[in-house]
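Hi there,

Here is the structure I promised to pass on to you. Have a look at it first, and my notes follow below.

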Amino acid sequence: MAATVIIFANGCNHTNPVPSNSHRICNGEGTKNKKFPASGIRTALTEYTKCTLEADLYAPFVEASNIALACLNDLKIDGMREHGSDQVQMFFQRNDPNVIPQDHAGHTSGRKPDVVALPFVNDSDYFEEARLGHWDDHVGSLDAQAPMAIPWKDVLSVFEFKRGSSMNPPPKTYTLSQYKAPKRKFLKIGKDENETRRTSAASIREATRDDTEAKSGSNLKRASEADSNSRASKRTKTEDSAHVTVQTPLYAAEMLLTNIAVKHVINFIVIGDEIWIWYCDHQGLIGVGGFNFVQDLPRFLVLLYALQRFELEEWGRNTAFKPSLKGNDNESHTVEVDGKELTLDNEGRATRFGLGGRGTAIMDVVCEKLKREKPAQAIEGGMVAKIYWAEEARVSEKDILKCVKEVAEQNEAVRGHVPILLLSKNFTGLSTSTIRKSLGPKDPTKGSRTLFLQKLSPIKELQNYELWDAWRQCVLCHYVLWKGGIHHRDVSRENLMYYRFNGKVIGVLNDYDLVSLTSSENPLGYERTGTILFMAIDLLNANSRDGETKHLYRHDMESFIWVFVRICFQYTDGKLRAQGPLDAWAKLDASGCAEKKGNFLFRGQVPPDMHNRDYVVPLVHFLRTEVISRYGIPLALDSAECRLRRDATLDASQVAELKQKIKQLEMDLIEQSDDAVFKQFAREIGFNATNIDAVVSRVVIR
């Protein structure tokens, strides 16, 4: 499903959520820590409210927050953990002006968060090095003007600032009385702080929903490796000009990407003396109404008190994956599955950057025990782990692959042309539903899953006849599965793979997490799925985006053609061209991509020197004829009916001829059967008709 943005009020029905003994800390009392006296909180916040430049806000905020953490660490509250997490020991540090780099499929991002929350640990597998000394010594020695460089993998949380309007100094005394929640202010994404407004959570949900192109429940994907991104400069790029409500989710995306199977990220936006909590995961973003942390310091201390007691899991980390560090980098991870220890190589890990979607990561795997247990064909080329977030309401990919295996055992067109599942693991306690069930949105929920599979190579690496042959093998495998009740519905460049066995290229149809099973109680035939670059034009129009068009076999057939065409246009000798003729398509939304595809079919030319031109031109002509026929029939029918009503001078033979034409056009409007569509396509791409009839007739319909 696509990313969603949900904004909720942080309403509290408790009469008094602030501990009775914490207000003494707000007033500079109640602690014995001489290095971090509680009175320093007020001093730092007073300095904070005098700042006129954004950069001047960081140091007093960090100072006030770290003093508060020192005072809160041993504060005991019934029902809460007695002290801060020994595993984490969080503290605040200025980051700006440091740029934190991270590699993304060949280019490097560079982002500059203002303030970060970091772990202080004397011994941990999860961070680069043990901190020296005691928390008090380390935090007390921080230089606000010369912050230490840090990698994304160590960042627990980001605090992003804007100056805001004028601020009032802290009150002389914070009093404890019956709590009354203040009116909340909400941020509209991409707007200046002057446009924050006091409003209801319901109206914010509507506003942010309008800002999101794809609604909840959609499974549209951008190209997993957009051509334009692959050509991006390898120089570090920074995004200083982005609005604070854009920067904060970008930081969250970096944090979700840098560690393995991260469940969520909690970041903060600070505008003047008001703070907002933004919770981000692979299902979307949940924002909380802001409050004034200077005037409402007790509430801010409650927030810090809770964060200080978070273990790594509550910060969103999946501790089942044990990292092996090399300098600043996670060189590899180990995880235990079904009594087998697997080592996942982090170098070259294929990932997808962003909040929405399944957050898929592909990693090479080594497991000596599996090598001894599995047949040579399954592990000859190596093994990979596919780590992703799947909607829990869907049939799991593991169960779908069991159905695929059943079809493969009965049909040689599928056998060897589908991925071999070696192991799988669902991680409990990592569902995105937990927070949503408490807040109430009716969105599908996601859970973390890991599949361990035979290693495959992308079909785009192949050239000439090998590319054509592997692609055709995938076409045939796909239809046999389709007829067997397993509807793939996400044919894309990244999902067509290959391997070599006994010197022969074997095409593989990969990635079954969006499959619809016709035998399922909820077959999902009208759900819009796929990768925009390769989706059929029919599925990219407005009606299809609203779920009004059933996903048919011809839609996947069209996707196969777009995959082959795009590989041939954009790649030469298995490598991405420096400037591809179809680059612009990767930057378009669904409607824009549909328009480009239509223009290409009706006006586009295939260059005479293009790679695999003899294969591409017939495919383009075939698809053009299909599209013209499908879109032209309604107009031809309407025209014939108009003539019949209009022309009173027609003689009997002309009337009979028109009626016969109308009858034929009405028949042509009826969708062809899947078998008829496939057989026509199969003949076009060179399959023997007799052999195809034999293959199709042997399929057992599920």
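**Aromatic pairs and what else turned up**

Searching the whole structure gives 31 aromatic pairs. Here, rings of Phe, Tyr and Trp (its six-membered ring) pair if their centres lie within 6.5 Å, with planes under 30 degrees apart called stacked, over 60 edge-to-face and the rest tilted. One of them is Phe61 with Phe159: the ring centres are 5.7 Å apart and the planes stand at 50 degrees, so this pair is tilted. It joins distant parts of the chain, 98 residues apart, with Phe61 in helix H3 (residues 58–72) and Phe159 in strand E6 (residues 157–162). Helices (H or I, at least four residues) and strands (E, at least two) are DSSP runs, numbered from the N terminus.

A word on the basis before going further: this is a predicted model, where local features need pLDDT of at least 70 and side-chain atom pairs count only at pLDDT 80 or more, while totals for chains, interfaces and linings use all residues. Residues are numbered from 1 along each chain as its sequence is written, and side-chain values use heavy atoms, leaving out hydrogens and water.

Phe61 is buried at 1% relative accessible area, and Phe159 is buried at 1% too. Buried means under 20% relative accessible area, exposed over 50%, and partly exposed in between (1.4 Å probe, protein chains only).

Trp471 and Phe560 make an edge-to-face pair, because their planes are at 80 degrees, with ring centres 6.4 Å apart. This pair also links distant parts of the chain, from Trp471 in helix H13 (residues 464–483) to Phe560 in helix H16 (residues 553–570), 89 residues apart. Both Trp471 and Phe560 are buried.

Phe61 and Phe159 also belong to one aromatic cluster, whose members include Tyr48, Tyr58 and Phe300.

**Charges over rings**

Arg472 sits over the face of Phe687, 4.5 Å from the ring centre, and Arg299 over that of Phe291, at 5.2 Å. The criterion is NZ of Lys or CZ of Arg within 6 Å of the ring centre and within 35 degrees of the ring normal.

**Backbone points to check by eye**

Asp96 and Pro97 are joined by a cis peptide bond, with omega about 20 degrees; Pro97 is in the loop between strand E2 (90–94) and strand E3 (100–104). Ala261 is not a glycine, yet its phi is positive, near 55 degrees, and it is buried at 8% relative accessibility. Asn464, in helix H13, likewise has a positive phi of about 50 degrees.

Best wishes
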